[in-house]
Every structure is written in C-alpha cells, then in structure tokens.
Amino acid sequence: MSIPVITILCYLIGEFFKVVILRKKKRYKYIPTIVGGIGGMLGLIIYYVSPDLLFNVTSPFLAVAIGIMSGLASTGGNELIKQIIKKREKEDAS
C-alpha cells in the first residue's frame, strides 16, 4: 500500500519543485535526484513507523532502496503523462 503512496507523493513533490523552485528547464535534470532522495527518506520513515507496509522488509537499507525506486518511478509516470498529452495534441492537430 505504501509504495504507490511514495510514488504519488514524490510525483507531486517533483511537480512542486518544477513549478515553484526549479523554474528553468535546465534545472529539471535535478528532479530525479530530488524525488529519489525524498522517496528514500519516506521509505526509511515508513520502515520505522510500520515495516509491514513495505512488504515486511527486514533491513532499513532495503526500505531506503524501495523508497528510492518508488521515487524514481514517479519520474517515469511523469514521462508517461507527457507522452499521452503529446500524442493527443498530435492527433488533434491532424
């Protein structure tokens, strides 16, 4: 249950950084690093609060790894959304 929550939270945080803090497109390259780090922190927090939410992980290192991968998955979700929008715009232009 918590892995999709980490991914969604990281996606929203990445969008927040994009709109509010990293306004120039040159700086967007830092977003995967930011959301990966935040995902790792969230994974560690969830591990100490309730490890059974992370599929009963037995190590904080594994919790951080799961969090980082969930955070990085949010950038993939962002790319998927952008490609769907781009495809629809292309179809509407035709």
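## Rings, charges and patches

Reader: Quick one to start. Does F16 count as buried, exposed or partly exposed?
Author: F16 counts as partly exposed, because its relative accessibility is 46%, and partly exposed covers the range between under 20% for buried and over 50% for exposed. Keep in mind that this is a predicted model.

Reader: Which helix is F16 in?
Author: F16 is found in helix α1.

Reader: Rings next. How many aromatic pairs are there in the whole structure?
Author: A search of the whole structure gives 2 aromatic pairs. One of them joins F16 and F17. Their ring centres are 6.1 Å apart, and the planes make an angle of 85°. That pair is edge-to-face.

Reader: And Y47 with Y48, why is that pair edge-to-face?
Author: The planes of Y47 and Y48 stand at 75°, so the pair is edge-to-face; planes over 60 degrees apart count that way. The ring centres of Y47 and Y48 lie 5.0 Å apart.

Reader: Y47 first. Buried or exposed?
Author: Y47 counts as buried, because its relative accessibility is 15%, and the cut-off for buried is under 20%.

Reader: Then Y48. Buried or exposed?
Author: Y48 counts as exposed, because its relative accessibility is 58%.

Reader: Changing topic. How many salt bridges are there?
Author: The count comes to 2 salt bridges. K18 and E15 form one of them, with 3.2 Å from N to O. K82 and E79 form a salt bridge too, and their closest N and O atoms are 3.1 Å apart.

Reader: Take K18 and E15. Where do they lie?
Author: Both K18 and E15 are in helix α1. They are 3 residues apart, about one turn of the helix.

Reader: What about cover? Is K18 buried or exposed?
Author: K18 is buried, because its relative accessible area is 16%.

Reader: Where does K29 lie?
Author: K29 is in the loop between α1 (2-21) and α2 (31-49).

Reader: Is K29 buried or exposed?
Author: K29 counts as exposed, because its relative accessibility is 57%, with the cut-off at over 50%.

Reader: Which residues form the nonpolar patch on the surface?
Author: That patch is made by F16, V19, V20 and I21. Together they have about 360 Å² of accessible area. So F16 turns up again: it is part of this patch and also of the edge-to-face pair with F17.

Reader: Last topic, G76. Which helix?
Author: G76 lies in helix α3. G76 is partly exposed, with a relative accessible area of 40%.

Reader: How far apart are G76 and Y11 in space?
Author: G76 and Y11 are 9.4 Å apart, C-alpha to C-alpha. In sequence, 65 residues separate them.

Note on methods. Residues numbered from 1 in each chain as written. Predicted model: local features only at pLDDT ≥ 70, side-chain atom pairs only at ≥ 80, totals over all residues. Heavy atoms only, no water. Helix = DSSP H or I, 4+ residues; strand = E, 2+ residues; numbered from the N terminus. Buried < 20%, exposed > 50% of the residue type's maximum accessible area, 1.4 Å probe, protein only. Phe/Tyr/Trp six-rings, centres within 6.5 Å; stacked < 30°, edge-to-face > 60°. Salt bridge = Lys/Arg side-chain N within 4 Å of Asp/Glu carboxyl O. Patch = residues over 30% accessible without salt bridge, like charges linked within 9 Å, V, L, I, M, F, W, Y side chains within 5 Å. Areas by Shrake-Rupley, 256 points an atom, 1.4 Å probe, with all protein chains shown as cover.
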